[in-house]
Structure formats: structure tokens, C-alpha cells
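Student: Please take one part of this model and go through it closely. I would like a single connected account, with the numbers kept in.

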Amino acid sequence: MPELVRQRLDHNLGRLGLVTLKEQLDSVLDQAQKESWAYSDLLDRLFEEELATRESRRVRNALKLSGFPALRTLDSFDFAFQPSLDKASVAELASLRFLEKKENVLLLGPPGVGKTHLAIALGVKACQCGFSVYFTTLDDLIKNLTAADAAGKLKQKMRTYTHKSALLVVDEVGYLPLSRKEANYLFQLVSARYEKSSLILTSNKSFTEWNEILGDEVIAAAILDRLLHHSHVLSIRGQSYRLRDKLNVALQAPLTAALEGPVIAKGGHS
Ligand code: ADP
Ligand code: MG
């Protein structure tokens with residue numbers, strides 16, 4: 001290719017922001033020449049590469065901004081370990097139709113059954129599909145709103161939770177009881193998102209116990225009313241995945257002990 005054309009191409013591709021295309025142009029042109037590609041195949045390949053790189057950069061950035069504490073996927077979830085969980089219901093959620101319909105997802109169950117894992121996995125899927133997602137624990141959410149309130153900036157902070165994401169994941173509802181003022185923050189948040197954008201909430205408490213967490217029956221009823229109106233509730237009743245090795249050892253111990261004598265439990269970090 002004449003040097004002048006090469007320079008102009010580089011310049012124009014740079015101005016258009018087609019960074020990947022610019023980087024790969026020489027090697028793809030080489031290959032196209034060697035393999036006698038049609039012009040249309042050459043163009044197709046160049047734009048495909050550019051788009052694929054942009055797409056993976058977009059997903060990477062979205063995942064960084066979403067605040068997930070770790071990356072979890074549905075592929076790495078062992079459904080066999082949690083037979084009370086209906087795989088088809090999770091697959092339906094993974095279709096992300098609930099996001100389009102502005103519905104909520106509530107994941108309930110004791111510690112370790114995979115509530116956070118599933119909430120993150122659905123969030124990751126939503127990120128990959130181009131939805132804006134934000135993850136927070138209820139504790140952090142309340143702390144941030146309280147601090148903003150003290151600084152006279154509650155309205156702005158509340159807006160970041162109500163208007164900035166198509167999906168807000170609020171993890172660990174119920175670990176700490178809320179004061180009336182804190183419960184009122186949650187009410188404002190749930191009301192503002194009601195029928196406008198989706199929430200995923202995880203909780204180790206059943207709905208009847210929410211009165212205690214929220215410290216006020218009236219506010220608990222008002223929150224639950226809006227949360228549950230258009231919602232998918234998955235109650236997971238099973239064993240903790242964190243304790244699976246220890247539970248196996250504990251379950252096998254009496255039998256093994258009877259056959260072989262004392263057993264030393266293998267330690268496992270969870
Ligand atoms: P919860 O939020 O219900 O307390 P987590 O989702 O934090 O539980 O799960 C605890 C740990 O066990 C995490 O590392 C999670 O990835 C893993 N885990 C839980 N359930 C499963 C499962 N069925 N298959 C694979 N990993 C699981
Ligand atoms: Mg959790």
C-alpha cells in the first residue's frame with residue numbers, strides 16, 4: 001500500500017476512534033491477500049474485530065462499575081447441591097424478561113445456600129446484555145444514605161440508587177435490624193423504583209420476620225406490598241454450600257467411626 005494512503009488511513013481510523021481496526025489492519029490485510037479474500041469478507045472481518053473488542057471493553061467497565069464483591073456465574077452454580085431450587089425458575093430469570101417488565105426478584109434462605117451467588121450471576125448476565133447494574137449490601141446502602149442525609153444530600157444520593165441503574169441488587173436484608181428512619185430510606189427507595197426498574201433482594205429472613213427487621217409493621221407492609229406486587233420469589237431451603245465438606249464429614253462420621261474408629265475432620269476454608 002502506498003505510504004501516503006497508509007498514513008491517511010491511520011489518521012482517519014484514529015479520528016474515527018476505530019482503534020482495534022487500526023491496530024489489526026496490517027495483519028488482516030496480509031491474511032486477506034494471502035488467502036484471496038473477497039472485499040466484503042475483509043470489511044466484515046475488520047468491523048467484527050472492532051465491535052468484539054468494544055463489546056468486551058464495555059462489559060469489563062460495566063462489571064467494574066457495578067460493585068460486585070466477586071464474579072459469579074450461573075454456569076458455576078451447582079443446582080444438584082440445592083434440589084429445593086427450581087432450575088427452570090432460575091433459567092426464566094436468566095432470560096432477563098423480569099428486567100424488561102420491571103419486576104423484582106427476592107432470594108430467600110438461610111446462610112450459604114447461594115443467594116448472593118445467584119444475585120451476582122443474574123447481575124453479571126444483565127451487565128453482559130447491556131443493562132446498567134449496581135450491587136450493594138443493605139448495610140452499605142443505609143450507611144451511605146445516612147451520611148448523605150447528614151450532609152443535606154439525601155435527595156441526590158437517593159437518586160443514584162433509584163434512577164441510575166436498570167437493576168439494583170440489595171444483598172443481605174435482615175442481618176441487621178433497621179431503625180424507623182433507616183426503614184423509611186428503604187421504603188423511599190422501593191417506592192421510587194416500583195414499576196419503573198427492577199430490584200433483586202436477598203434475605204435470610206422470611207417475610208413474616210420482616211416486621212422485626214424493619215421495626216415497624218406499617219412500613220414493613222408498605223415495603224413488601226410494593227416489592228411483591230410484580231415479583232419472583234425464590235425460597236431456597238437447603239444446606240450451606242460453605243459448610244458442605246464439614247457437613248459431609250459430620251454425616252459420615254458416626255458410620256466411619258463405628259467401622260474404623262476415630263475420624264479426624266479435614267479442615268476446609270469457606
Ligand atoms: P448466601 O448469600 O446464601 O449466604 P453465597 O451465595 O454467598 O450464600 O454462597 C456462599 C459460597 O458458596 C459462595 O462462594 C458461593 O459462590 C458458593 N455457592 C453457594 N451455593 C453454591 C452452589 N449451589 N454451587 C456452587 N457454589 C455455590
Ligand atoms: Mg449472601
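Tutor: About 500 Å² is buried between domain 1 and domain 2, and 62% of that area is on carbon and sulfur atoms. On the domain 1 side, R58, L63 and S66 lose the most area to domain 2, together accounting for 68% of what that side buries. The model is predicted, and the domains in question span residues 3-66 for domain 1 and 74-243 for domain 2. Their contact takes 7 residues from domain 1 and 8 residues from domain 2. The C-alpha centres of domain 1 and domain 2 lie 41 Å apart.

Next, the ligand. Ligand 1 has 14 residues around it, of which R72, D78, G112, T116 and H117 come nearest. Sorted by class, this shell holds 5 nonpolar, 5 polar and 4 charged residues. On its own, ligand 1 has 550 Å² of accessible area, and the protein covers 87% of that.

As for confidence, the protein has an average pLDDT of 91, with 91% of the residues scoring at least 70. Residues 255-270 stay under 50 in pLDDT, and the model has 7 contacts beyond four places in sequence for this stretch.

How values were computed:
Residues numbered from 1 in each chain as written. Chains lettered and ligands numbered in written order. Predicted model: local features only at pLDDT ≥ 70, side-chain atom pairs only at ≥ 80, totals over all residues. Heavy atoms only, no water. Near = heavy atom within 4 Å. Areas by Shrake-Rupley, 256 points an atom, 1.4 Å probe, with all protein chains shown as cover. Nonpolar A, V, L, I, M, F, W, Y, C, P; charged D, E, K, R; others polar. pLDDT = per-residue confidence, 0-100. Contact = heavy atoms within 4.5 Å. Domains from an automatic or database assignment. Buried area = accessible area lost by both parts, 1.4 Å probe.
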